[in-house]
Amino acid sequence: MSERVDVTLPDGTMPAHRWLPESGTGPGVLLLQEIFGISPYIRRRAEDLAALGYVVLAPEVFWRLGVSDVPNGPSMLEEAMGLLGRLDWDAAVADSTQALRALRDDEAVTGGAGVVGFCFGGGLGYAVVAGEPADALVSFYGSALPQLVDAVPSVSTPSLHVFGESDAYLPMDVVGRITERVTGGDAPAEVVTYPGADHAFDNDDFVNHDGDASAAAWARTVEFLARTLPTG
């Protein structure tokens, strides 16, 4: 079960959702959404992270557009892309950065704080930790990474980057360039790819879902977080 919380910003209040582990306390994970918002899929991944022992905060990044999530259906991608076209990227980075700070200040958070993001949220998470380092970053097929790694080739946060080898948006030559950039810095960076998997393969509500790649990538995520952001 999640609870609705607010993240106070200089010019407003961003809605967010918070999940607690069974113990009531633990390291924090900022969970950054796909372009579909705080969808049932994102909520399930939040529950998975809470079950591992993390305090999870998922901000409604589209709050300035008056949208929490895009309903599942045949027009979901078109509607979500329309929202993305209206989004103020700089504001989204600033809002998400403030959410990470709010998570660190949460009395339930003991230990460190990391970021896990999917698609839009995978790139957004990279932009956040570029300015506000965290203990860990997991980026699933970060759609903004091709532009971001040119501006900020590497970050000081240990990171795991997950891609599908049949991604229609991030072809393997682009993934190769991303890999060169993110692994070229001082912080540990891991890149893993999955044969046959397309973009958004982890989303089991989306047509591109790949069960085998999803299970393998999530197992890798759990192992990476256990090393970089242990729950104790």
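Q: How many residues does helix H1 have, and what does it reach from its first C-alpha to its last?
A: This is a predicted model, where local features need pLDDT of at least 70, side-chain atom pairs count only at pLDDT 80 or more, and totals for chains, interfaces and linings use all residues. Residues are numbered from 1 along each chain as its sequence is written, and side-chain values use heavy atoms, without hydrogens and water. Helices are DSSP runs (H or I, at least four residues), as are strands (E, at least two), numbered from the N terminus. The expected span is 1.5 Å times one less than the number of residues. H1 (residues 40-51) has 12 residues and reaches 16 Å, close to the 16 Å expected.

Q: Which residues of H1 are buried?
A: Buried means under 20% relative accessible area (1.4 Å probe, protein chains only). Tyr41, Ile42, Arg45, Ala46, Leu49 and Ala50 qualify. Their cover, by contact (heavy atoms within 4.5 Å), includes strand E2 (12-19), E3, E4, strand E5 (109-118) and helix H7 (211-228).

Q: What phi does Gly53 take?
A: Just after H1, Gly53 has a positive phi of about 110 degrees.

Q: In what order do the eight strands form the sheet?
A: Strands of a sheet pair through backbone hydrogen bonds, either parallel or antiparallel. Pairing here requires at least two DSSP bridges. The order is E1-E2-E4-E3-E5-E6-E7-E8, in an open sheet with mixed pairing. Strand E1 (2-9) and strand E8 (189-194) are the edges, each pairing on one side only.

Q: In which sense do E3 and E4 pair?
A: Strand E3 (residues 26-32) and strand E4 (residues 55-59) are parallel, over three bridges. Val29 has Val56 in E4 as its bridge partner.

Key
Buried < 20%, exposed > 50% of the residue type's maximum accessible area, 1.4 Å probe, protein only.
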